[in-house]
Every structure is written in structure tokens, then in C-alpha cells.
Amino acid sequence: NDGKYLDPGILFCVVCDACKPGYGAERPCSTESNTVCLPCTPGKTYSNITSFSIPCKACTACPAGYSIKRKCTNITDTVCQLTPSYVNSTHATQTKTRNSKGPVSTTDASIATEASKKDFVIPLVVGVSCFILGLLIFLIVKVYKRLRARERQPEVAHRYSDGEEAIPIKSKVAPLTKSRHGALRGRHTRHLRRNDSSRDSDSQGSSTGSLQEEKPRDPERLFRDLPNEPLVIEDLALSLNPKSRNNWVRLAGELGYSKIQIDNFGIDPTQATQNLLADWRTMRNSTIGVLYACLQKIGRQDACEVLDRISGM
């Protein structure tokens, strides 16, 4: 959707080619195929816009009394001008008719003026109405997307609630059962308290502990082997999904993903980190140490603490 199609060669959505001026779309872009453009024929068809779906338009033929001022090309339409001899003959005919019928009444002139005004006002009203309708539709879609995003946030924010049976995540990670989730929650709370007390004591000493000096507890352990992997992913998502200079996008780059892959992970911003880690966990070198080092490199100490804290439970 949105001007993209599925490229079977790389199995990713790619932006469709747009037909430039001078070319028309013989086959519009769809979800399964790219745009097919054909050149317009000068003197017969033209296209003066860039489009994914509009074909070449037929050139305008000048009506009677008009001559061609500029011929139709593949990017411009015909420009017509009123023939001087036709103007003179028409004016003479109107003068004779007016003289034979007498002076034109004021009523007839006003009727003609009103008719010309209507011809101008109606297209203007229609154009303004279409613009306002399009703006309203855009605002409605925008508000709907924001509401949907807010509705999905509680699913992540309340993952520690007692009544929840599983953590929603778009990956192959097994969901947490109710009993397992309760056990993890208790261990998570006790570990947080121990970390808070140790952090307070450390703050009285040296406050210059840098990211480079810290290492994870088990750097060679595979990320997918963590017993509480879904909990780790959701906690990292809370830290890395929000927009910032050092969010999940930079992490994906450090992990070796291409721009196209990163764009696909970010189709749903509320699930971007989840989608990234769900794909990365299947790789051979997806260890805690690699992820920890990448988080350090982008300056996300908070995410390192989350990884170190929960992975050690």
C-alpha cells in the first residue's frame, strides 16, 4: 500500500516507479506489481505531471474560430488563440444584428452577467467543497491512528498485571503463562529493590562509571535462550520505541540491518523494537554480549541496565 509493491526478488515492499512528465501509466502500481510507463506521442497525447496511475491525455483540438498558437508536445497541451479574421467577422455580424433589433436592453445585459457569474461560482464552490472534504478525511484518519496507538500502549504498560495471561508480541517467542508471569514479576520486583539500594550506595562513591567499563553477566549466552525473553523484549521496547536520536533505529543499524529492513520493522512504531529483536534472535551471533555492546555504542545506558537486570533474573 501507499505507493509500494512487493518485490518477489527480495521479498520486501519497494516504492513504485512514478511516470515522469512525457510518460503515462499504462499499468498503474499495485500491491503485486510495479508501475508500467509508456512515452506519450507528440501531437496526439501528452502528460505534464508525475504520477503512479494516470495515463497520457489526448491533445486538445482547437475549435472553430481558433488557431493553434503552440502545438501539442509530449509534455504540453495544445495552446489555441482566437483568429483575428473570425473576431472581426463576428463583431460585424453582432453589430448588424444589434442595429437591426435596436439597442440591447439593460435587463438582457444583467441576465448575461448573472449567467457568467454562475458559470464561475459553481466550479469554485465545488473545488472548495472537495478540498474541505479531503481535509476532514485526512484529520479523521490521523485521529483514528493516534487512538489506535494509545489503545495498544496499555497492552505493554500493564504487562505486570495479575490478570494477564500472556505478553502480546509479534514474534515466535513463547508467551508467558499466568503462573510463570507471576513468578517473574515477584523476582523482578525483588531485583529492582536490590538494584535501587546498590545504586544509592554507588552514587555516594564514584559517579563516573562509564558504559565501556560495564559488561553483561553472561555475554556468550544466546538472547533466545533467556528464560524470560518476552519480558526482556517488552522492557527494551518501552525504552527504545519512543522517537529519539538513539532509539531502535540506531540499534538496528549497529546490528547490521539495511535501510529497507529497518523501514519494514518500523511500519508499526509501537512494535518496532519487538519486530527487530524477534528477527535478530534467530541469528547465530545473537548473544547478550553483542546486544549489550550495541546498546553501549549508541549511548543507551538505560537499556543496558534493563537488559542486565532482567536477563539476570
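At 24%, Cys56 counts as partly exposed, the class between buried (under 20% relative accessible area) and exposed (over 50%), with a 1.4 Å probe and protein chains only.

A quick word on the model. It is predicted, so local features need pLDDT of at least 70 and side-chain atom pairs count only at pLDDT 80 or more, while totals for chains, interfaces and linings use all residues. Residues are numbered from 1 along each chain as its sequence is written, and side-chain values use heavy atoms, leaving out hydrogens and water.

Now, Cys56 has a partner: a disulfide, meaning two cysteine sulfur atoms within 2.5 Å, joins Cys56 to Cys40, with 2.0 Å from S to S. The link is left-handed, at -85 degrees about the S-S bond. Cys40 is buried, at 6%.

In total there are five disulfides. Another one joins Cys19 and Cys37, also left-handed, at -90 degrees. Here Cys19 is buried at 1%, whereas Cys37 is partly exposed at 28%.

And Cys13? Its sulfur is too far for a bond, because the closest cysteine sulfur, in Cys16, is 9.4 Å away.

Planes under 30 degrees apart are stacked, over 60 edge-to-face, and the rest tilted. Phe223 and Trp280 are tilted, at 5.8 Å and 55 degrees, and both are buried. Tyr257 and Phe265 are edge-to-face, at 5.2 Å and 80 degrees.

How values were computed
Phe/Tyr/Trp six-rings, centres within 6.5 Å; stacked < 30°, edge-to-face > 60°.
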